[in-house]
Amino acid sequence: YDSREPVPSPGRLSAGSDRVISVANGRAVSGGGVTVNNLVPGGATAIAYNLTVTQTAGAGFLNVTPGQLGGLGASAINWTDNDATIANASFVGVSPDRTIRVSCGAGSTHFLVDVVGYYV
């Protein structure tokens with residue numbers, strides 16, 4: 001997923017907002033269209049991922065939870081300056097529909113989610 005691409009849900013994430021994204025399918029680096037269906041199979045319970053923020057505005061952080069959960073918890077990545085590009089790796093549970101929720105607690109940023117593995 002890349003918020004800078006036109007598909008599936010483009011745009012920066014700002015403080016107080018969140019975005020539910022599907023991790024089920026592989027996506028093209030350019031354009032964001034689906035390239036591989038069911039890359040994360042049904043029945044997966046969690047994913048390992050890299051989370052990158054880029055073109056940041058102000059200081060801020062993102063939080064990642066399973067798609068059906070809301071609210072902010074522990075941060076998954078933090079930044080302190082404008083125009084930063086940084087990455088962090090972690091893992092998170094996924095909803096039964098293979099979604100995660102990325103929430104912005106402060107600042108504003110584009111972000112990328114790269115799935116590097118899954119748990120069943």
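Leaving aside neighbours within four places in sequence, which residues is V113 in contact with? V113 is in contact with Y1, I21, Y49, N50, L51, I100 and V102; contact means heavy atoms within 4.5 Å. This is a predicted model: local features need pLDDT of at least 70, side-chain atom pairs count only at pLDDT 80 or more, and totals for chains, interfaces and linings use all residues. Residues are numbered from 1 along each chain as its sequence is written, and side-chain values use heavy atoms, with hydrogens and water left out.

**Strands and pairing**

- Strands (E, at least two residues) are DSSP runs, numbered from the N terminus. Two strands pair if DSSP finds at least two bridges between them.
- β5 spans 46-66 and joins β8 through 16 bridges, running antiparallel. N63 has S103 of β8 as its bridge partner.
- β5 also pairs with β7 (residues 86-93), antiparallel, over eight bridges. There, A46 has G93 as its partner.
- Three bridges pair β5 with β6, again antiparallel.
- β2 and β8 run antiparallel and are joined by five bridges. D18 stands opposite S103 in β8.

**Burial**

- Of the 21 residues of β5, 15 are buried, so β5 is largely enclosed by the rest of the structure. Buried means under 20% relative accessible area (1.4 Å probe, protein chains only).

**Nonpolar core**

- The largest nonpolar core has 22 residues. Such a core is a set of buried Ala, Val, Leu, Ile, Met, Phe, Trp, Tyr and Cys residues joined through side-chain atoms within 4.5 Å.
- L51, L62, I100, V102, F111 and V113 have the most contacts inside this core.
- β5, β6 and β8 each give two or more residues to this core. The largest share, six residues, comes from β5.

**Largest pocket**

- The largest pocket has a volume of about 370 Å³. A pocket is an open set of points on a 1 Å grid where a 1.4 Å probe fits, with protein on both sides within 12 Å along at least five of seven lines; lining residues have an atom within 4 Å of a point. The volume is the space filled by probe spheres set on the points.
- Of its 19 lining residues, Y1, G26, R27, V113 and D114 are the closest to the centre.
- β8 gives the largest share of the lining, four residues.

Definitions and conventions. Buried means under 20% relative accessible area, exposed over 50%, partly exposed in between (1.4 Å probe, protein chains only).
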